[in-house]
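Please view the sequence and the structure first, and then read the points below.

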Amino acid sequence: MTMRKSVTLLFILCLAGCVPSLHRLYTAETLVYDPAIARTWQHEEERWEFAGDPNEKSYELTIFEKEGRSSKLIAHLIEVDGKRFFDFYPSDDAELEGGEWLKFHVIPVHLFFKEYL
């Protein structure tokens, strides 16, 4: 299977929801940085805080969840054919007893999401 077909298949799977992978989704050519994302986002009881690093084209994401739990992730924004996706990966200093988002990462994998911001 060619690289292009593999990437196309991966993006089709992303449309269905989050997709775990042992490999990152981004390349130097697809990685983008949007300063508008580096802020706090609130949804019901969860608060997502994105701290951006434009030099690395990455975001440190802390998700504050119910019951005082939190998850620390590294997020990368990818753009392909005008569509944006996030690649989330556990932060090096993430605590094993963290929140629900870290439970997705019992095995450290990348999670991909379509960006709807």
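The side chain of Ser-71 makes a polar contact with the side chain of Glu-65, at 2.7 Å; such a contact is a pair of N or O atoms within 3.5 Å, where within protein one must be able to donate a hydrogen and the other to accept it, and residues adjacent in sequence count only if both atoms are side-chain atoms. The model is predicted: local features need pLDDT of at least 70 and side-chain atom pairs pLDDT 80 or more, while totals for chains, interfaces and linings use all residues. Residues are numbered from 1 along each chain as its sequence is written, and side-chain values use heavy atoms, leaving out hydrogens and water.

- Ser-71 lies in strand E6, residues 70-80 (strands, E, are DSSP runs of at least two residues, numbered from the N terminus).
- Ser-71 is buried, with a relative accessible area of 0% (buried means under 20%, with a 1.4 Å probe and protein chains only).
- Ile-63 stands opposite Ser-71.

**Strand pairing**
- E5 and E6 run antiparallel and are joined by six bridges (two strands pair if DSSP finds at least two bridges between them).
- Five residues lie between the strands in the hairpin of E5 and E6, where Glu-67 takes a positive phi near 60 degrees.
- Strand E4, residues 46-53, pairs with E5 in the antiparallel sense over seven bridges.
- Strand E5, residues 58-64, is mostly covered, as five of its seven residues are buried.

Notes. Helix = DSSP H or I, 4+ residues; strand = E, 2+ residues; numbered from the N terminus. Buried < 20%, exposed > 50% of the residue type's maximum accessible area, 1.4 Å probe, protein only.
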